[in-house]
Amino acid sequence: MRGTDFTSIPTRDLKRALFAADSIAHQILRVDDPLRDVEEQLVEVFLEAIQSRNPEAIRRARELLEAGALDDAVTGTDLTGLLDELQPVYEKGWLDDVGRSVVSGVDVAYTLGREALLRPLLLQPSWNLVDDNARDALRADSLYWVGNFWNADLGGRIAAVIQREVIEKGFSRRDAARQLGGMFEELGKSRAYWNVVAAAATVRSRSFGTIESFVQANVETFTFLAVMDARTSRQCAHLHGRTFQVTRAVEVRNAFLLADNPDQGKAIMPWRPPTELEAMDTKALEAAGAFIPPLHGNCRSQLVPETFRE
C-alpha cells in the first residue's frame, strides 16, 4: 500500500496479520493438511506388518487345531490355546519392524507444528533442549501404545471372530482350520484401531511443536480450531473458537514430558467423554488442561495464535 509506514504497526499486530494472511491463502488454495499424509503412511506400515505375520499365524493355528480329534467342535479351551500360540507370532520383532516409522512420523509431525506458525512470520525454529525432550517423550509414548496392539486390539478381535464364526456355529476343528485363512486376512485389513493410534501420535506431536513455536514467537493466547463438518466430535465442537493462555499450555505439556510412564502421561492428558467437557466453561477447561489436541481418537483439531506479546 503506497505511503504506508509499516514500521509504525505494532509488532504483535503485524505478526497476527501475517499469520491470518497465510491461513486465508491456505483456505483459498484448499491446501490439504500434510499431517493426514503422515498418518496414512503410518497406518500402511502397521497393516503391512500385521499382514506379513498372518501366514505364520495361520500355520500355527492350523497345527494346533489339527493336533486334536478333527471332528470335535472347537471349544473355549481351544480358543485360549490359540491365543496363547498366536500372541508371540504377532509380537515378535514388532517394534523392530514399525519402530523406525513411528519415530519418523512423530518427528515429522512435531516439525510441522514448529514450522506452521513460524513460516508466515518468516522465522525458522530455534531448536532447543525443550524440543529434544519433547520429541524423546513423544517417541517413547507412541512406541509404547503401538507396541501394546495385541492386548489393546488384535488379540480381542481374533478372540471375538473365532468365538462368533467358529465356536458359536459349532465348527469342528477340521472346518475351523479351513476357514482360518479368510478370517485372518480380514482381520489384517482392519484400519480402525491403527487410524486412532497414528492420529494420536501425530496430532499430539504437532500440538507440542506448535506450543514451543508459540513460546518462540511470543504468542500470548491461542484459539482452539476444530474442523467443523459432519464428522466433528462433540468434544471439539465445544472447544472450537475458545481462547487459552500459552503459559497454561506450556504447563500441561511440561507435566506430560515429566511423566514417569505412558499411563501417567495418559492421566495428565486423558480423552474425556463429551458430557464431561461440555459441562466445563473456558476457565474450567484451561484449569483441567483439557484443550490440547488430540481430545479423542482421530482428532483433527489444531491450535492457532490469537494474540502476541510485543
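Biologist: How many salt bridges does the structure hold?
Modeller: This is a predicted model, where local features need pLDDT of at least 70, side-chain atom pairs count only at pLDDT 80 or more, and totals for chains, interfaces and linings use all residues. Residues are numbered from 1 along each chain as its sequence is written, and side-chain values use heavy atoms, with hydrogens and water left out. A salt bridge is a side-chain nitrogen of Lys or Arg within 4 Å of a carboxyl oxygen of Asp or Glu. The structure holds 24.

Biologist: Which residue forms a salt bridge with Arg191?
Modeller: Arg191 sits in the loop between α7 (173–188) and α8, and its partner lies in helix α2, 151 residues apart. Helices are DSSP runs (H or I, at least four residues), numbered from the N terminus. The closest N and O atoms are 2.5 Å apart, and the partner is Glu40.

Biologist: Is Arg173 buried or exposed?
Modeller: Arg173 forms a salt bridge with Asp78, with the closest N and O atoms 2.7 Å apart. Buried means under 20% relative accessible area, exposed over 50%, partly exposed in between (1.4 Å probe, protein chains only). At a relative accessible area of 13%, Arg173 is buried.

Biologist: Which residue meets Arg114 in a salt bridge?
Modeller: Arg114 lies in helix α4 and its partner in helix α5, so the pair ties together parts 17 residues apart in sequence. Both residues are buried. The N to O distance is 3.1 Å, and the partner is Asp131.

Technical notes. Helix = DSSP H or I, 4+ residues; strand = E, 2+ residues; numbered from the N terminus.
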